[in-house]
Each structure stands twice: as C-alpha cells, then as structure tokens.
Amino acid sequence: MSNSEWNDAEANVLPEKVEKLVEQDEIPKTSNRKRVVVVGLGMVGISFIEKLMKFDVKRREYDVIVIGEEAHLAYNRVGLTSFFQHREVENLYLNPASWYASMPEGSLNYHLNTLVTSVDTEKKTVETSQGQTVPYDILVLATGSDAVLPRHTPGHDAKGVFVYRTIEDLQKLIEFSATKKGTTGAVVGGGLLGLEAAKAMMDLENFGQVKLIERNRWVLSRQLDSDAGNMVLEQVRALGLDVLLSKRVGRIDTDEENNVTGVTFEDGEKMDCTCICFAIGIKARDELARQSGIKCADRGGGIVINPDLSTSAPDVYAIGECASWESQTFGLIAPGIEMADVLAFNFTQAKAHQARTFKSPDLSTKLKLLGVEVASFGDFFADRDGPKDLPVKRHGGKKEGTIEAKDRVKGLTDGPPPSPVKALTYKDPFQQIYKKYLFTMDGKYLLGGMMIGDTKDYVKLVPMVKNKKALEVPPSELIVGASKGDDDSADLDDDTQVCSCHNVLKGDIATAVKDGTCKSIGDVKSCTKAGTGCGGCMPLIQTIFNKTMMSMGQEVKNHLCPHFEYSRADLFNIIYVKKLQSFTEIMAQCGKDPESLGCEACKPTIGSIIASLFNKHIIDSERRGLQDTNDRFLANIQRNGTFSVIPRVSGGEITADKLIVIGTVAKKYGLYCKITGGQRIDMFGARKQDLPAIWQFLIDGGMESGHAYAKSLRTVKSCVGTTWCRFGLADSVGMAVRLEERYKSIRSPHKIKGGVSGCVRECAEAQNKDFGLIATEKGYNIFVGGNGGAKPRHSELLAKDVPPDDIVPMLDRYLAFYIRTADKLQRTARWIENLPGGIKYLREVILEDKLGICADLEKQMEDLVGSFFCEWTEVLNSPERMKLFSQFANTDEGVQTIENVEDRGQQRPAYWPKDAVTEDFRGKEWSALSWQPLAQSDQFTDSATGSSLAVKRGDTQLAIFKVKGKYYATQQMCPHKRAFVLSDGLIGDDAKTDKLWVSCPYHKRNYELKGDDAGKCGNDETVNIATFPVEAREDGMVYVKLPPVEELDGLLGTERWKVKKEETEVDPFESMDKKLAGFKGRKGVQASHLAGGLGAKGKADAILAGGERGANGMDW
C-alpha cells in the first residue's frame, strides 16, 4: 500500500487542502473526537501523523498530541550526515513549523524537549518530565532506538567517546573535533552507520586521519558477502579512509583527565586516537513500555506487537524501531513507514475496508556510501544461511527446495545437503562492479542478491523477489542485459515501488501526472514525497514523469518561447553562422513575428548569446533592453531595491591592501559585508545612484568587476596547495588564478563555477563544480558537470593526469561546446545528463575530436577571452552610460522603500511583507486628471527592445515606458512584494492577442500596459497596477496625466507602502538564543574576548583616526 493512496494525499499539500476545506466549510465540527497521543516525533512518528492527518482531514475523528523528547521538530535522520555541511537543523526538517500550525484547529499539537516518564494503561494517561498528565484514548509509541554504547568496555565514559544518532550527537562531535585538529579520529563499526559516521568525520576536515575499526573480515557484513564487502573496502580505502579489520576494542585508553588517548584491542595491539565514535548498532527504546507493564521482548528488546501493531495493553500501539514483530526489530526506515501506513489506514479506513496487518517487511536497501553505490535485496544471504522462504510451484507441485524424508536420513550420515540455492555472480575489478543474484535450483525464481557499483536494475529486481513470479528469461539475462544506461520505467508495473524511503509506487506518480495534480517534477516530489528521502530514486522518477507526459501527448517542445520556434542551441548556431549582432536582425530572421518585442524569456537568452559571441557592452543601445535587472545595472538587485557589489578576487587570493580598499568603501557607504561561498567578499545595500562612485573607488584601488550579476564565470575556488600546505602536490592557487583570469566575463547559458584542489583531500570542493581540477602526482584530474543548488550533482571525471599545459585547451573546448549547445538556463550538470551518451560522448567530442570541431572551439574561446574588458571601467569612462545609474530621471534625490534593521552589527532591510497588496489600483476613480511634465523625450531611446525609466512626483514613484514610438505609464510599485522596480522590468508582447506587458524583475509578475486590460497582471489575478495616459510633446517633454499630488500620494505614495520593520520583523532566533545564552565562547559580534579590548568598531575607528591606543599612525 502506497503512502500516497488518498487523492488529496500528500502532507506537503495538506496546508493548501485544509485552507480550501475551511473556506468551503467542509471540515466537520464534531466534538466527540478521540485523542491520539504519539510518543516520539521522529521519522516514523511524523509519518504516522502525516498519514493520519491526510486520511482524517475530512472526517475529524481524531485530535493528535505528539510529544517529542528532542528539541527539534521531526527531521530526516537518513540524511543526518548532510548536517556537517550546512549546520542548519531546519534544512533537515521533514515539515516546517508552519505545516503543523496549518492543520485544522485543535487537530494537531506538539510538545518538544519533553520526555514521557510513565504510562498508566488503566487510567489511560501519560506523565511527562515537566509534570504534565496527558490523557489519551489511543496511545502510539514511536520511541525509536538508542545507539549502542559498549558500557562493559573500560573507558566508555571518557571525554571523546561519541555515538552517531541524533543532531545533538553530531553537534557535540563537531564541537569536540574543533579542539582536536590534526589528530586521529576513530569509528568503531563497519556497517551502514559506521561508514556514514566515518564519512562525516572526514568531512569535518579537523582530524588529520580517520580510522574505521571493524570486528569482521570485511565491511557491511550484514548486507554483503566477503567479495562484495572487500570491493567496497577497496574503494573506501582509496578515498582516504584507513580501515582496520578483525579488530575488537578491548579498552579505551585515557589520560589523567579522562581524555581519550587511544584504544587497546583485544589482541593487545594499541592505536592512538583522540576521538572514538561508536556505530555498532541500535537498541530499541522500550524502557517506557517495560516500566508501564507493557509486554516487551526478553531477547533483543522491543515492544512486542501483534500483526495489527497493538501491544499487550488495550489501545496502545507501537511502531518503528521500538517495536518487536515476531521477535525482530528493524533498524531501517522503510519498515517503520510501512507500520505507520498500516496503523493510520486501520484507524481511518478499516470501517469500509478490510483492516491491514503488518507483514514481513522488505529489508532491501539501496544507497550510496562514500560515493560507492551499494544495494542488497530480497533474501541476500540465502546461499549462506539457507533460504527463509521458497516459492511454491503451481499446479500442486511441492514447495521449491523441499527436502524429502529420505534426504534427511541421508543427511545424518553424509552431512547436511547443500543449500537449495544457486548463485550467479559477475565481478568487474576494473570498474569496481560486483553483482550476485541468488536463484532457486531450477533458475525459475529470483530469491535475492547484492550489487556494488552498478545498481540501476535494483528497482526492477526487487518486485521480482516480492511477487515470487517465475522468471520469463534465463537468469543470465538479468546480469548480462542489466546495464542499459539510464534508469528505464517502461517495463515496470504500476505496483512497483520506486521510492523505498516513502513507499511510493510507480502508479502513484503516473496517476498524479495523468489527473493533472503534478505538472512538473517538483510537483511530483511535493505531492507524493517520492525522491525526498535519500534521493537515490530521482533519475527513475524523472523518467516516469517524462514518459507519462509523453503518453498524454503533453511533450513540451524545446522552443525558446512563443516568439521563436528554435531551442537556445539552434538559435545560437543561426546567430553564429549568420553573424547576427542585434535583436532587430535576430527577430527579423529567426522570430515568428519580425516586428515583435520578444519577452522576458527570450530577451535575456538572446542578450547572453550575443555577449557569448561578440562580447559588446551589454548596457549599450538596444542590448540594454535585453538584460534582466542584474545585468542592466551590473550588480545584483536585492529585495529592497539596492544592489550588491562584488569585486573579483581571482582564486580567492587577496592582498591586505585590497582588503583595506574593500573595507574602506564598505565603511564609507554603510554596506553590509559577507564572505561568499566562492571565496570573495559581497557588499550589500548599495544604492543604484551610488554604484558608479563605489566602483570608481574600487577600480582606482586595483580591483575590477566580479561579474557576480551575470550568467558567466563566477569564481574558481582554490585551496592553498603548495603555496603553503604541506600536503599539496601543485600550486592550486596559481592554477585557479590563471583559469579565473582567462574565463572571467564570458557569458554562458547559466553561471559557471570552478575549483582547483592541490591534492586528493579536496579542500576546494572541485568535484561539485562546473569544472574542477584535483592535483595528482602526474598533473591534474579534470572533473566536469557538478553543481550544488536545488539539485546537487557530483561531477564526473573528464580526463586523468592531465599535464598543466593541456588544461586550458581542454577547458576551452569544454566551455565553448557548452556555450554552443546547452539549453537556456541549463547548468552543465543537466547539459551533460542530456547529451547523447553523457560523459562518454563528451569525452569523445572534447578529447578525441569526434566531431572535428576542437580547433574551432579553441579559436572561438580564444577570440572571446581576447575581447575582455572590465564592464564597470567602461561605464566610468562613458558619461552616457553613467546617466543610466540614477533612481529617478527627473530628480537627484533618493528614496528608501524598506526600512533598515540592525542585525549582528550591520544594517539589513526589514523582512518582506507576508502578503501581497490586493488593492484595486487600476480601478481607482480619480477626482480630476491633469497633464504633468515628468521627463524629457531625449532620455528615452528608440530601441527595438523598448526603453524605460522611473520618475517621482510628490511622494509617488512612476514608471514610464517607450515602445515602438508610443509611451505608457504605470505606478512603479509591484504589489506582489511592494517592490518599487517596474521601470527595470523587461517588456514583452504577443502580436496574436495584441498584448504588451512589463515583467517585474523580482518574481516575473507580468502587467498589461495597453488596451482594456491595462494594469491587469497576466499571471497573478490577485494583483494589479494603476496606469496613466502619457504623451510626448513638441517642447521635448513627456507628459503624464495624473490626479492631484495629495490624491495620488494617498493611493501610491512611497511612505504609505514602505515596508516598515515593526510591520514584518519577527526574531526567528528568539528561542534558539535563549538556549545559547551563557554558552562558553559566545560573545557579541563586535566585542573582543580580551579584557578591555576595543572590539571591531572601536579598533577600526582607532585605525581610521590615524593611530591605535595612542600610537602615532599605523604600524605596518
């Protein structure tokens, strides 16, 4: 049974469903609801709550109270390791706090940081550590499990001993590791959790070495046989993990202060280390049930449950890792999710449907550990332990593998018969692929198996085992024909489970697409939760989505937009061959309507293509009308209408002198400063009219544009390499600087990021970049097609051991080929995925010159980088370009539209308002209108892409547009976020419907500029804008017909719509700060740890005043 069975189903869309039901008054107002108390807010607990809520929202038979022991809402424990990268607990939350609050009133309440101490099964109450007594009608125990700590081992309580289970465990490990830099960290346990813990400790980059201690002769001994386990072992060792096999910890060695100093193994051998993390298994948390008289298993622990998940106490149920079913507990998430599904179904659906029972769960697993694909499915140890369950032959035959009585007698003298199982094994040591599939003796039934390296067929083989259907092909075909490229979905039945984390079937996804619920892959994830666990099923989900859309005749054409019947790649080649350099020429020769203005989709793409080919200044003449706001003003627009300034810091290397220049300009203009992920400094809050002066200061100080505003090369990140590091194999900084200097400013379909690491320790994270280099003893390994963002992707190896001299030609070809052939806004990751043959094809083109274009690609890149100029320098040298950087065309005054808030010692804009302005601006009836001169005609250009500017009258901001000789005027504020930015939006048209619109540069609300619909928003009916008559006269002025100033300001005045801090400011960290108060080391952002220290501001002021603490001048 899938967790997305209900048609309104999934938890992510429940808030919208509830809101709609409330509006339609369809939620029953019953008063005799049962109270369900859930103890435990983990993955299984929240899964049960989600399922109960979705089933019960139209019934309102239950009110739920969930009590969680941890301080956090339910989080993704499967993805716990990612916490080491982002360090944000909220990133792991399965549902935000707003989700809980959005449920029907009274239906869901939660208590955090609260331990349930006892259960009175007669009075039907639970007691908490805070002294609360909570009555229940139904009690669901989802208390989970604890990590096992070997308390019989001397030293188990030493400082530096950890387990790997909760966020708190990770936070303690992170904090402790920071105090032990360069030392050795150890992980005990070579199972799934142990390898995860080892990876996490390596990712911390604090330990000089990480060692894994495993008592068995290979890792993953519970999932893999020796051959498979040793293949995984070989790969993880190659990644830098030191693995010790057949070792048992006898004692943890400590010093006088009980700090870990090492371990002594049972064989007497010693090993030095400062930190030990135990990942040796889990133990069901059944202590609450035991002390409350609820029956628990004596051996192995766990709360004993019946097939309907009930316990020995009436109206008490147990689910997840705390439950013991047929003397078994389960440490995987999938059985717990299945239990939650069964219980929620029975509570709500069993009245009209047969109640479900929990049956033998599927313990198949597929995951990636330290970059190694691993899967085991079915009865994967049937050859070692004997088959647990054999299929029954049809037509009255005996059960497959049954041992006759005479064979049993023979076994007494000749020994036990061989296991009634045959194994088919494939092993490729070169590509590190291992597959072993287990069959019945006649080869008719697949029982189980394991895979290393290539796990694509996992999703097809699991149903074969579960369904116990006779094979229709010889067993060998399952291996010989297994590698077919990408995941395929055509031969999967609708009841095939494609997402094991959330028990989603292929049919669930197909149904959601066919009934119109899901129109994008994002909708599929939101509605069904498929792909939101470990994420390993996403390629298959994408394939199912694409093929279902195709089957409905809904294949989306790859055209740029309605104005062009070409893809971006097609259009690039036409422009390249015909050498078309203007929008007018391109629209005339390639567009569907030669006179069209284009739109917000095609204009930036065409602007990017022109820049990629000819590299002319993007804000000149009609090219400016092709640019989004960032490129139009050579800076990233922020939510308060100001801009960020990011000078280039090639390779992340910067001198103290340049830091002084940056600090001085930030201090002078009051800019908020932050270090970016690409190793440079971002300064926020620059007013449009101040941008030229800021850049004048920076460029005069030896800096240049960082192109952070463009779809172009951002940065080439580097570690210090041989410049400083004792492990470095190459000058990674020098290489990064040269690559960034070469490719800076080139426009591409999407932003490009690079990285160069000086050794395999990979401090520059080169393997998640669009191109990355890792130094080897023979040169560099080149990786391509990686990215972070919403859909992260690990890069792939393009070439190994490339000499430094060959790096640039190879990257020239790669980037030029990407610029030529990628789709609009397509990252290199998605581009490579969509190439015919993927990375293999790319290697053939770039390395083997399969298409015979390598020389042309290199020349194209050489010509492009040879045309470099600093765009801001050119602006400063041009009075005409300088005129573009003013807030208003008719006054030099500046207006602030969002109030500032001081936060951590710096100024930032107040948060955006939650709701859009829905006032009827376009329907306003004015008392009177009169013509007002607000701009000069020569301030506009006769560009084919349109021209616009902002003006101010009284306290009201207006936008004026000139399109094909005609003028249009609107309010400047977009009501969606109260942003005063419409004059900076792209102008679009549709000749068929005679529509003309401006697209808000923030969130692409498109407002009509002419006709009866003027002022309407074409893609958000909740908002609209005011429009006004406008005309140009012979006196050279542009006049707008407006109401009196007071009346206009009363509706549209800036002061009325300015976002004020008291309106939107809520401290998101209030609760957290209470917990952090008094923590050692915590101080004010500006403060000094030194007694009497000046602090950041005081020190800076002393320096700027010409001396420090009475010294005469600076001492450098």
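Contact here means heavy atoms within 4.5 Å. Helix α9 (residues 333–349) lies across β2, β7 and β19 in that sense. The model is predicted.

**First open sheet**

- An open sheet of 5 strands is built in the order β3-β2-β1-β7-β19, and its pairing is parallel.
- At the edges are β3 (108–111) and β19 (316–318), each of which pairs on one side only.
- From one strand to the next, the twist averages 20 degrees.
- Strand β1 (residues 34–39) runs parallel to strand β7 (residues 138–141), and 4 bridges join the two.
- Within this part of the sheet, Val38 stands opposite Val140 in β7.
- Helix α9 runs at about 165 degrees to β7.
- Helix α2 lies across β1, β2, β3 and β7, and runs at about 165 degrees to β2.

- Another open sheet of 5 strands has the order β9-β16-β10-β11-β12, with parallel pairing.
- Its edge strands are β9 (161–163) and β12 (242–244), and each pairs on one side only.
- Neighbouring strands of this sheet are turned against each other by 25 degrees on average, with direction ignored.
- Strand β10 (residues 184–188) pairs with strand β11 (residues 209–213) in the parallel sense, over 5 bridges.
- Gly185 stands opposite Val210 in β11.
- Helix α5 (residues 167–177) lies across β9 and β16 (275–278), running at about 145 degrees to β9.

**Nonpolar cores**

- In soluble globular proteins, nonpolar side chains tend to be buried together.
- The largest nonpolar core has 63 residues, and the members that touch the most others are Phe564, Leu739, Tyr743, Phe771, Leu773 and Leu842.
- Helix α24 (residues 807–821) supplies the largest share of this core, 9 residues.
- A second, separate core has 61 residues, among them Ala142, Ala289, Ala323 and Phe345.
- Not counting residues up to four places away in sequence, Tyr743 touches Leu713, Phe771, Val808, Leu811, Asp812, Leu815, Met861 and Val865.

**A mostly covered helix**

- Helix α14 (residues 506–514) has 7 of its 9 residues buried.
- The buried residues of α14 are Lys506, Gly507, Asp508, Ile509, Ala510, Ala512 and Val513.
- After α14 comes Gly516, which has a positive phi, near 85 degrees.

**Ser718**

- Ser718 belongs to strand β32 (residues 713–718).
- Ser718 counts as buried because its relative accessibility is 7%, and the cut-off for buried is under 20%.
- The side chain of Ser718 reaches the backbone oxygen of Gly651 at 2.7 Å.
- Leaving aside neighbours within four places in sequence, the residues in contact with Ser718 are Gly651, Gln679, Ser732, Val733, Ala736, Val756 and Ala764.

- Most residues other than glycine have a negative phi.
- Arg60 is not a glycine, yet its phi is positive, at about 55 degrees.
- Arg60 sits in the loop between α2 (43–56) and β2 (62–67).
- With a relative accessible area of 3%, Arg60 is buried.
- Asp801 also has a positive phi, near 50 degrees, in a residue other than glycine.
- Asp801 lies in strand β36 (residues 796–802).

**Cysteines**

- A disulfide is a covalent bond between the sulfur atoms of two cysteines.
- To be counted, the two sulfur atoms must be within 2.5 Å, and the count comes to 0 disulfides.
- The closest cysteine sulfur to that of Cys759 is in Cys725, at 5.8 Å, so the pair is too far apart for a bond.
- Cys759 counts as buried, at 8% relative accessibility.
- Cys499 also counts as buried, at 2% relative accessibility.

Methods. Residues numbered from 1 in each chain as written. Predicted model: local features only at pLDDT ≥ 70, side-chain atom pairs only at ≥ 80, totals over all residues. Heavy atoms only, no water. Buried < 20%, exposed > 50% of the residue type's maximum accessible area, 1.4 Å probe, protein only. Polar contact = N/O pair within 3.5 Å; in protein donor to acceptor, adjacent residues only side chain to side chain. Core = buried A, V, L, I, M, F, W, Y, C linked by side-chain atoms within 4.5 Å. Pairing = 2+ DSSP bridges. Axes fitted to C-alpha atoms, helices over the stretch in contact; angles between N-to-C directions.
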